[in-house]
Amino acid sequence: MVTSLSAIPHDSASKWVSGPIGIAAAILHTTSQSREQVQPHRSADGRLAAVFAGYLLNPKELSDDLAAKGYEPRNRSDVAIALAAYEAWGEACANRLEGEFALIVADRRCEKLFIARDHIGVVPLYYIEEPGRLVVASDMRTLHALSRVPLEPDPIYLAQMMANKWFAKDATPWRQIKRVARASTLTFDGHRLSQARYWEPPTDITIRYKNDRDYVEHYRDILFDSLSRTSRSDAQVGVAVSGGLDSSALFCVADRLEKEGRWQAPDFVGYSLAADEDGNAFELPYARAAAKHVGRDLIEVPLFDPDLEWYTSDAQWHRDIPTPSNGAMMLDMEQRVVNDGGRVLINGSGGDEWLQGNQQYYREFVADLDFARFAQALGRDAKAMGLGAAVKIALRQSVAEITPDPLRRLVQKRLRAWRRKNQRELVWLNHELRAALAKAEESYMATIPDRSVEMVKHNLLKSPRQDLSHGLMRRQRAKIGLESRHPMQTKAFVEFSLCTPDYIKRQGGVRKVAHRSAMAGILPQEVIDRTSKANFTNVQIDMQFADFARKYAKERLGQFCDFDGLEEVLGVDYSTPEGDYWCWEIWGLYASAAFLYQD
């Protein structure tokens, strides 16, 4: 374990072995408190030991609660606080830990392992269960090294990747390796493995104000507090500034927090991707406007654009699938943060999920019998998209809301079957895998509420596609000694979004309404008014991905694909919108072929 984990940058590495349990850690120190720790961290009697990756958002509150209960962490580090929380509250401690983390506790008092992962699933954690043995690790390299048997590819996982249809929540590319579910715990007593969820996303609207301005003020308070908490570091912090509404807001709010004395790091620096001016990813004018607005410098770093061999080699090193090109292009910017002395990079991931809202607000108005706001929304939508389109959306949402639950479930199931029968995205998968994906979809949908409003909220937090993205980006940054943090993914931020009406986030053709209002005077107006969004599609690498998949199709994809259907997607013109439409499927086909090349 130590040998494998030590392959990535770290400040300390150690192990703890007691009886049948062994745990190890190679840890990067990102805060002054973390420099007090030695991981694995042990209890006073030596019968408990813990390893902890990530950071806590609420260490002070937890320490105060523990003191009131008579438990004192052995030092100020997050791992010490987490272990004391386990001693105080047992397995119920998971729901008290807020932040981005993976926690493993070795408990010789009860002869078990306890494992917990954060609510949003930012920090990856995987496991292999074998007879009488459980191996848990934060990366697949370590599990690959420790498995007693050769690992085998999981065809269902690869099929969903090739089709860009994500339903298998705990699966990974390796059949024997499973993913610890987000907001979940595992316990293992040497014989039995059990899993429990400690947090479910709220779906009821419980935050209601008479004045819409109150939503804006409440949101601003949460944003400021979340960013302040994520800034805790003993070195300067990097803030990614894309020029979009979300990351630009974090950069400008960071400036406010520093001036108010609420920034918990010595300094911060803004970093932006410098794409080609004639490309579809060029956002520098907006990022520069944000920097000028607060009077700070901005470090502009060209996009990382490696050749195909880099993607394939990186995947083999990690014993995992390759990184998508839109994630890899951030690597040079991330490396610059490290070169400048930073160990933390804050970004705006989560803004698109939790800020923009959707047209489910008609269903909310019908459920509340709020016909005044229904009429106001219809008027706004008619002005933005035309009366006919607005009425069609309003009627469809209204009818769906009043439809009895059994009928709604039947209609949804038949619509899914019709879509699977007619969708273009599956023409290259063989019949067996199409059937397996259909079964996986039905199994996934059984875990999601039937009502559309609740379904959308749950899906945002439980989509396996999001879990994959978090894991791949965390993996990329860990390899260079950088920790990413996401203030727009904190539990308080997410719950505010889920518990407030959709109309405060989307009105007519405008998305992120409350966010735009909250940023008045904080962001420059040209960024607040921005409605465009950058596209980070890389046509040249997509062409290389397609050529790789075509070259190795028969050798590596023969058990998965129908070759006539495969050419429909591999033969598209990538410089056209059609190429952009298929970019994720192209990456999935390449990623599967590259993954299957591994020993």
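Predicted model: local features only at pLDDT ≥ 70, side-chain atom pairs only at ≥ 80, totals over all residues.

As background, nonpolar side chains in soluble globular proteins tend to be buried together.

Now go back to Trp263 and show what surrounds it. Not counting residues up to four places away in sequence, Trp263 touches Leu227, Ser231, Val237, Val239, Ala254, Leu257, Glu258, Phe268 and Ile346.

**Stop two: a helix crossing**

Select residues 212–230 (helix α6) and 245–259 (helix α7). These two pack at an angle of about 80°, with their axes 10 Å apart. That makes α6 roughly perpendicular to α7, since angles from 65 to 115 degrees get that label. To see the contact itself, show Leu223, Phe224, Leu227 and Ser228 on α6, and on α7 pick Leu250, Val253, Ala254, Arg256 and Leu257.

Stay on α6 and click Tyr219, which sits in this helix. Is Tyr219 buried or exposed? Its relative accessible area is 3%, so Tyr219 counts as buried, the cut-off being under 20%. Leaving aside neighbours within four places in sequence, Tyr219 is in contact with Leu355, Met488, Phe493, Phe496, Ala514, His515 and Ala518. For a distance check, pick the C-alpha atoms of Tyr219 and Gly351: they are 132 residues apart along the chain and separated by 12 Å.

**Stop three: rings**

Colour the aromatics. There are 23 aromatic pairs by the rule used here. Zoom in on Phe548 and Tyr552, a tilted pair with 4.7 Å from centre to centre and 50° between the planes. Both of these residues are buried.

What about accessibility? Tyr581 is partly exposed, at 42% relative accessible area, whereas Trp582 is buried, at 0%.

Two arginines are worth a look while the rings are shown. Pick Arg485, whose charged end sits over the ring of Tyr55, 4.3 Å from the ring centre. Then jump to Arg530, which lies over the face of Tyr286, 4.2 Å from the ring centre.

**Stop four: a proline and a histidine**

Pro324 is in the loop between α9 (308–318) and α10 (325–328). With a relative accessible area of 9%, Pro324 is buried. Which residues does Pro324 touch, not counting those up to four places away in sequence? They are Tyr311, Leu472, Trp584 and Trp587.

Once neighbours within four places in sequence are left aside, its contacts are Glu200, Pro201, Thr203, Ile448 and Pro449.

Switch to the backbone. Most residues other than glycine have a negative phi, and most peptide bonds are trans. Here are some exceptions to click on.

- Gln39 and Pro40 are joined by a cis peptide bond, with omega about 0°. Look for Pro40 in the loop between β2 (21–27) and β3 (41–42).
- Asn164 has a positive phi, near 55°, and is not a glycine. You will find Asn164 in the loop between α5 (155–163) and β9 (177–179), partly exposed at 23% relative accessible area.
- Lys512, also not a glycine, has a positive phi of about 55°. Its place is the loop between α20 (491–498) and α21 (513–518). Lys512 counts as buried, at 7% relative accessibility.

Note on methods
Residues numbered from 1 in each chain as written. Heavy atoms only, no water. Contact = heavy atoms within 4.5 Å. Phe/Tyr/Trp six-rings, centres within 6.5 Å; stacked < 30°, edge-to-face > 60°. Buried < 20%, exposed > 50% of the residue type's maximum accessible area, 1.4 Å probe, protein only. Lys NZ or Arg CZ within 6 Å of the ring centre and 35° of its normal. Axes fitted to C-alpha atoms, helices over the stretch in contact; angles between N-to-C directions. Helix = DSSP H or I, 4+ residues; strand = E, 2+ residues; numbered from the N terminus. Parallel < 35°, antiparallel > 145°, perpendicular 65-115°, else oblique.
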